[in-house]
Amino acid sequence: MAINETALGEAARDLVKPRIHVSGPRPDLEFALLDASDIGDVQRRLSFPERLANNDAIRRAGILLFLVITWEIYARWLDNSLLFPTFTLTLKTFVGDLLDGTLVDRTRTSLYPLVLGYAGGILLAGLLTSIAISSRIGADILNTLTAMFNPLPAIAVLPLALIWFGLGTPSLVFVIIHSVLWAVALSTLTGFRSVPETLRLSGRNYGLRVAGYVAFVMIPAAFPAILSGLKIGWAFAWRTLIAAELVFGVSSRSGGLGWYVFEARSELDTPRVFAGLLTVIVIGLFVESVIFKSIETRTVQKWGMQR
Amino acid sequence: MESSSSGLVQVRNVTLQYKTTDHLVTATYKVSCTVQHGDRYVILGPSGCGKSTLLKAIGGFIRPVGGSIVVNGHEIREPGPDRMMVFQEFEQLMPWKTVLQNVMFPMQVAKKYTRSEVRDRALSAIDKVSLSKFAKVYPHMLSGGMKMRVAIARAMALEPDVLLMDEPFAALDALTRRKMQEELLSLWDQLRFTMLFVTHSIEEAIVVGSRILILSPHPGRVRAELEAGALSYAEVDSPAFGVLSKRIHTLLFEDEPKHAPEPASAAAGSH
Ligand SMILES: Nc1ncnc2c1ncn2[C@@H]1O[C@H](COP(=O)(O)OP(=O)(O)O)[C@@H](O)[C@H]1O
Ligand SMILES: [Mg+2]
């Protein structure tokens with residue numbers, strides 16, 4: 001290191017020294033401006049291939065296609081549909097169950113407690129964070145509760161839920177709320193805390209009070225953090241639900257997607273297990289890359305708050 | 001200092017303090033001043049002397065520990081759209097609103113104008129700061145100087161009793177700053193609003209101000225109040241500008257003789 005430094009120092013001296021001595025005052029130069037019209041419009045629309053390469057959806061579809069092809073090749077080479085069915089077989093089972101209504105039915109059964117729990121979790125998180133930003137004791141309460149319950153896996157709460165609410169939707173909703181609430185509350189609070197002081201002051205300058213202030217200044221200003229909280233919450237809810245269904249299976253009439261997978265496994269129907277998992281993945285991809293993505297491009301990206 | 005009860009903004013013996021978890025910081029001590037209608041009133045002082053704090057107190061964001069602030073006959077208790085504030089930072093614009101929406105929003109909240117009036121006033125304010133082409137653009141696509149112009153347009157569209165500006169041009173490059181100062185002055189020439197302008201630059205104070213309040217270093221106390229109405233950038237090289245500038249320099253730094261490059265007699269000679 002030391003050797004390098006001296007070597008560098010000497011090199012720099014060699015470069016600098018002679019220049020100081022050699023170059024005298026140089027003449028002033030002024031130029032007529034070049035004609036810039038050669039490059040066409042200063043602003044132009046990108047060509048079609050350029051835009052194609054910039055399109056997220058297309059790039060991601062390419063990745064998916066690559067994964068599917070890898071899967072197919074590997075499964076064919078393995079040639080054991082009990083362990084690892086091919087993509088085509090999985091797709092055939094998937095389409096078959098989709099058309100005869102089984103999968104649609106199962107998905108609907110799963111989505112009901114999911115949406116209920118997700119909405120409930122968000123609502124409670126909103127309530128808790130509102131209290132937390134309006135008073136110091138509120139913030140202390142939220143921080144303590146989050147520190148206590150956030151690390152607690154939803155599945156660990158499930159036995160308790162079963163005791164309290166019995167086998168069925170209320171138990172599912174309870175554990176989903178538990179998994180959504182703390183994640184969303186935590187990121188919303190972080191978002192509120194990092195709203196720039198100047199923005200808060202100008203909001204108050206307009207004469208905005210409590211509710212208007214939260215609605216028109218704090219929530220939009222914290223929206224990037226809130227949105228990422230909603231995404232994390234969604235993933236947690238989805239995971240919790242499938243896991244819970246796998247653990248206690250059917251609720252009264254018909255089971256959800258987790259139960260579908262569980263059932264197929266006990267019948268050693270591996271293609272159907274894959275079809276069930278595929279459904280979970282497809283719904284997850286749809287929510288992430290269509291719903292959340294379009295919210296993102298319409299809000300935080302358009303506003304330049306996130307790139 | 002005249003103690004007449006006239007004057008748009010009357011600051012009387014205002015002491016301002018910050019309480020942190022383990023300190024009590026006195027920002028200004030018994031500051032008094034009076035701002036008349038149409039004043040370009042500059043608050044000048046070294047960094048950290050409590051200029052922003054004083055402006056925030058007039059804005060209603062901080063309660064004085066002692067003394068009183070009266071604007072337009074009312075004692076200040078809370079922030080309000082009659083005292084619009086322009087901050088030093090660029091992030092005062094709401095990134096989720098376009099330029100036009102940003103200018104319209106405070107007028108919508110204040111409910112002072114009808115819906116069509118709000119739009120017309122916003123468009124004309126944006127036109128006055130020559131940003132009509134950018135009305136539909138979001139703030140992140142604007143340069144720093146343009147954001148500042150939007151903030152000024154937003155504040156003026158509401159016709160506040162007084163415009164509070166906290167080093168609005170300090171974060172700009174020198175060329176843009178000078179252009180903005182000239183634009184602000186020509187706006188003032190058209191509209192004759194009252195403004196309180198905080199700066200730590202002597203040159204800016206003389207160019208922008210019609211009257212200059214000089215605060216001492218921390219804690220800020222009133223050192224002097226000077227007349228500076230006639231001097232603009234055209235006179236930067238004139239003797240009068242130099243004399244005033246030296247005088248202010250002396251007033252600001254005479255307690256620290258090491259930093260005063262000119263002997264005090266130069267300023268004293270101008271009396
Ligand atoms: N939020 C704050 N909490 C505690 N002290 C502060 C706060 N803001 C400013 N101060 C202190 O008050 C004094 C005046 O600050 P300020 O009004 O920002 O000065 P200026 O705008 O003249 O540079 C400084 O000593 C500063 O450290
Ligand atoms: Mg300041």
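## Worked exercises on chains A and B

Setting aside neighbours within four places in sequence, Ser132(B) is in contact (heavy atoms within 4.5 Å) with Ile126(B) and Asp127(B). This is a predicted model, where local features need pLDDT of at least 70, side-chain atom pairs count only at pLDDT 80 or more, and totals for chains, interfaces and linings use all residues. Residues are numbered from 1 along each chain as its sequence is written, chains are lettered from A and ligands numbered from 1 in the order in which they are written, and side-chain values use heavy atoms, leaving out hydrogens and water.

**Exercise 1.** Work out where Ser132(B) sits and whether it is buried, partly exposed or exposed.

*Solution.* 
- Helices here are DSSP runs of H or I with at least four residues, strands are E runs of at least two, and both are numbered from the N terminus.
- Next, the cut-offs: buried means under 20% relative accessible area, exposed over 50%, and partly exposed in between, with a 1.4 Å probe and protein chains only.
- Ser132(B) comes in at 41% relative accessibility, so it counts as partly exposed.
- Finally, look across the chain: 42 Å separate the C-alpha atoms of Ser132(B) and Arg223(B), which are 91 residues apart along the chain.

**Exercise 2.** Decide how the radius of gyration of chain B compares with the globule rule.

*Solution.* 
- Count the elements: chain B has eight helices and ten strands.
- The radius of gyration of chain B is 19 Å, close to the 18 Å from the globule rule for 271 residues, so chain B is as compact as a globular protein of that length. The radius is taken over C-alpha atoms, and the rule is 2.2 Å times the number of residues to the power 0.38.
- For the extents, the C-alpha trace of chain B spans about 60 × 45 × 40 Å along its principal axes.
- Buried residues account for 51% of the 271 residues in chain B.
- Now the contacts: of those in chain B between residues at least 6 apart in sequence, 65% join residues at least 24 apart.

**Exercise 3.** Find which residues of helix α12 of chain A are buried, and what covers them.

*Solution.* 
- Helix α12 (residues 257-266) of chain A has these buried residues: Leu257(A), Gly258(A), Trp259(A), Tyr260(A), Val261(A) and Ala264(A).
- Their cover includes α4 (87-99), α5 (102-134), α11 (223-248) and α13 (270-298) of chain A.
- After α12(A) comes Leu268(A), with a positive phi near 55°.
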